[in-house]
Amino acid sequence: MAKENISADQLISVIISGIEDVKGNEISILDLREIENTVCDYFIICEGTSNTQVNAISNSIQKKVSKVLKDHPWHVEGEDNAEWILLDYVNVVVHVFQKHIRDYYDIESLWGDAKTTLIETSY
């Protein structure tokens with residue numbers, strides 16, 4: 001569970017770094033703070049090309065956040081089939097998709113009112 005002394009910006013930065021370490025694709029941040037009745041402040045969404053990469057991204061995020069911030073997700077869903085893994089850090093929720101599952105659920109459109117930031121990657 002997120003600790004009070006860890007800012008959302010710190011957590012997001014470490015999560016993005018964890019995604020980039022294993023070359024996660026199409027990274028975006030949805031800022032939900034201006035939308036009423038949301039479950040968290042931010043969604044971070046990315047995708048992998050296979051079950052193996054989706055699991056690797058999830059593991060990389062968890063290890064990096066644990067090492068750098070001494071924090072762990074409050075809840076994790078989807079590790080069994082690794083098509084969509086959700087990591088709940090309370091104020092920041094990470095969605096790691098396979099591309100076809102991301103296209104199907106299209107979370108970015110569902111939360112179209114959110115301010116979206118796309119992260120440029122160099123790989």
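**Figure 1. Glu 26 in its strand.** In which strand does Glu 26 lie? Glu 26 belongs to β1. The model is a predicted one, in which local features need pLDDT of at least 70, side-chain atom pairs count only at pLDDT 80 or more, and totals for chains, interfaces and linings use all residues. Residues are numbered from 1 along each chain as its sequence is written, and side-chain values use heavy atoms, with hydrogens and water left out. Helices (H or I, at least four residues) and strands (E, at least two) are DSSP runs, numbered from the N terminus. Glu 26 is not a glycine, yet its phi is positive, at about 50°. Most residues other than glycine have a negative phi. Glu 26 has a relative accessible area of 55% and is therefore exposed. Buried means under 20% relative accessible area, exposed over 50%, and partly exposed in between (1.4 Å probe, protein chains only).

**Figure 2. The whole protein chain.** The protein chain holds four helices and six strands. Read from the N terminus, the order of its elements is α-β-β-α-β-β-β-α-α-β. The C-alpha trace spans about 35 × 35 × 30 Å along its principal axes. For 123 residues, a compact globule would have a radius of gyration near 14 Å, and the 13 Å of the protein chain agrees. That radius is taken over C-alpha atoms, and the globule rule is 2.2 Å times the number of residues to the power 0.38. Buried residues make up 41% of the 123 in the protein chain.

Figure 3. The protein chain has 10 positive and 21 negative charges, and their mean positions lie 10 Å apart. Lys and Arg count as positive and Asp and Glu as negative, while His and the chain ends are not counted. Each charge is placed at NZ of Lys, CZ of Arg, CG of Asp or CD of Glu. Contact means heavy atoms within 4.5 Å. Among contacts between residues at least 6 apart in sequence, 63% join residues at least 24 apart.

**Figure 4. Helix α1 and its packing.** Helix α1 covers residues 8-21, 14 residues in total. From its first C-alpha to its last it reaches 20 Å, close to the 20 Å expected at 1.5 Å a residue. The expected span is 1.5 Å times one less than the number of residues. The buried residues of α1 are Leu 11, Ile 12, Val 14, Ile 15, Ile 16, Gly 18 and Ile 19. They pack against β1 (25-31), β2 (42-48), α2 (51-69) and β5 (92-98).

**Figure 5. Asn 37 in a loop.** Asn 37 sits in the loop between β1 and β2. Its phi is near 60°, a positive value in a residue other than glycine. Asn 37 has 75% relative accessibility, so it counts as exposed.

Figure 6. Strand β6 (residues 115-118) includes Lys 115. Lys 115 counts as exposed at 59% relative accessibility. Neighbours within four places in sequence aside, Lys 115 is in contact with Ile 29, Leu 30 and Asp 31. Lys 115 and Asp 9 are 106 residues apart in sequence, and their C-alpha atoms are 15 Å apart. Thr 117 is also in β6. Thr 117 is partly exposed, at 35% relative accessibility. Residues up to four places away not counted, Thr 117 touches Ile 27, Ser 28 and Ile 29. Its C-alpha is 5.5 Å from that of Ser 28, across 89 residues of sequence.

**Figure 7. Gly 48 in β2.** Is Gly 48 buried or exposed? Gly 48 is buried, with a relative accessible area of 2%. This glycine lies in strand β2. Beyond residues up to four places away in sequence, Gly 48 touches Gln 53, Val 54, Ile 57, Phe 97, Gln 98 and Lys 99. Gly 48 and Leu 30 are 18 residues apart in sequence and 18 Å apart in space, C-alpha to C-alpha.

**Figure 8. His 75 in β3.** Strand β3 (residues 75-77) contains His 75. His 75 is partly exposed, with a relative accessible area of 34%. Residues up to four places away in sequence aside, His 75 touches Leu 86, Leu 87 and Asp 88. The C-alpha atoms of His 75 and Val 92 are separated by 11 Å, and the two residues are 17 apart along the chain.
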